[in-house]
Amino acid sequence: MLQEQEAHAAELERTFIAIKPDGVQRGLIAEVISRFERKGFKLVAIKIVVPSKDFAQKHYHDLKERPFFNGLCDFLSSGPVVAMVWEGEGVIRYGRKLIGATDPQKSEPGTIRGDLAVIVGRNIIHGSDGPETAKDEIALWFKPEELVKYTSNAEKWIYGN
Ligand code: IDP
Ligand code: MG
């Protein structure tokens, strides 16, 4: 039993999820959190911050050549953002599924963007797109001590051990 638990803990992965200023202003914080929570993922860090433009540029550094980069960084730094780290098996990839396609016109109904957003520039949520970006984004937004380690009572029912 203990061995199984240890094996399970070793498999856990983490992703960085942020509710952007449009999601916060539209009162969608609880809605977004609820979708990750009900799925069975575990919240291990959360805070509300207004990022500086410089910080937004760091967060989106991969996109600096894109024409929308400046507007995107202005927008991300225009108001409060809810920054979170979620943990669970497959959370990086499945988190992206919960979020839906980048352009809400193309996101499936049932996804966060599909259900709650209309245009690409106001798509309410960010999620890391792979293990490397997850690691980098968590490190950019959180200090290691801000990540909380705990066992949720639901875990044995979600994972069966
Ligand atoms: P993602 O958020 O689904 O990972 P990325 O390609 O990483 O999508 O783009 C980051 C953010 O930049 C998107 O969530 C969206 O808000 C914005 N964005 C992406 N493409 C466009 C565009 O063509 N016009 C305006 N904004 C865009
Ligand atoms: Mg992205």
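This is a working chat about one predicted model.

User: What sort of model is this, and what should I know about the numbering?

Analyst: The model is predicted, so to speak a calculated one: local features need pLDDT of at least 70, side-chain atom pairs count only at pLDDT 80 or more, and totals for chains, interfaces and linings use all residues. Residues are numbered from 1 along each chain as its sequence is written, chains are lettered from A and ligands numbered from 1 in the order in which they are written, and side-chain values use heavy atoms, with hydrogens and water left out.

User: OK. Which residues does the UniProt domain annotation cover?

Analyst: The unreviewed UniProt entry puts "domain: Nucleoside diphosphate kinase-like" on residues 12-149. UniProt positions follow the numbering used here, feature names are shortened, and annotations may be inferred rather than shown by experiment.

User: How much helix and strand is there over residues 12-149?

Analyst: That stretch is 41% helix and 19% strand, and its end C-alpha atoms are 12 Å apart. Helices (H or I, at least four residues) and strands (E, at least two) are DSSP runs, numbered from the N terminus.

User: Which residue does UniProt list as "active site"?

Analyst: His126, again from the unreviewed entry. His126 is in strand S4, residues 125-127.

User: Is His126 buried or exposed?

Analyst: Buried, with a relative accessible area of 9%. Buried means under 20% relative accessible area, exposed over 50%, and partly exposed in between (1.4 Å probe, protein chains only).

User: What about Ile124, what's its phi?

Analyst: Phi of Ile124 is near 60°, a positive value in a residue other than glycine. Most residues other than glycine have a negative phi. Ile124 belongs to the loop between helix H7 (112-116) and S4, and Ile124 is buried at 0% relative accessible area.

User: Switching to charges. How many salt bridges are there?

Analyst: A search of the whole structure gives eight. A salt bridge here is a side-chain nitrogen of Lys or Arg within 4 Å of a carboxyl oxygen of Asp or Glu.

User: Give me one inside a helix. What does Arg35 pair with?

Analyst: Arg35 meets Glu31, at 2.8 Å from N to O. Both sit in helix H3 (residues 29-39), four residues apart, about one turn of the helix. Arg35 counts as buried at 16% relative accessibility, whereas Glu31 is partly exposed at 32%.

User: And how far is Arg35 from Ile112?

Analyst: They are 77 residues apart in sequence and 8.2 Å apart in space, C-alpha to C-alpha.

User: Where does Asp54 make its salt bridge?

Analyst: With Lys58, the closest N and O atoms being 3.3 Å apart. Asp54 is partly exposed at 45% relative accessible area, and Lys58 is partly exposed at 46%.

User: Which residues get joined into a network?

Analyst: Arg14, Lys42, Glu87 and Glu155 are joined into one network by salt bridges that share partners.

User: What does Glu146 pair with?

Analyst: Glu146 has a salt bridge with Lys47, with 3.3 Å between the closest N and O atoms. Glu146 is in the loop between H8 and helix H9 (155-159) and Lys47 is in strand S2 (residues 42-49), so the pair ties together parts that are 99 residues apart in sequence. Glu146 is partly exposed at 29% relative accessible area, and Lys47 is partly exposed at 22%.

User: Which residues make up the negative patch on the surface?

Analyst: Asp62, Asp129, Glu132 and Asp136 gather there. Patches are made of residues with over 30% relative accessible area and no salt bridge, with like charges joined within 9 Å and nonpolar side chains (Val, Leu, Ile, Met, Phe, Trp, Tyr) within 5 Å. Lys and Arg count as positive and Asp and Glu as negative, while His and the chain ends are not counted. Asp136 is in helix H8 (residues 131-141) and counts as partly exposed at 46% relative accessibility.

User: How far is Ser77 from Glu132?

Analyst: They are 23 Å apart in space, C-alpha to C-alpha, and 55 residues apart in sequence.

Notes
Areas by Shrake-Rupley, 256 points an atom, 1.4 Å probe, with all protein chains shown as cover. Charge placed at Lys NZ, Arg CZ, Asp CG, Glu CD.
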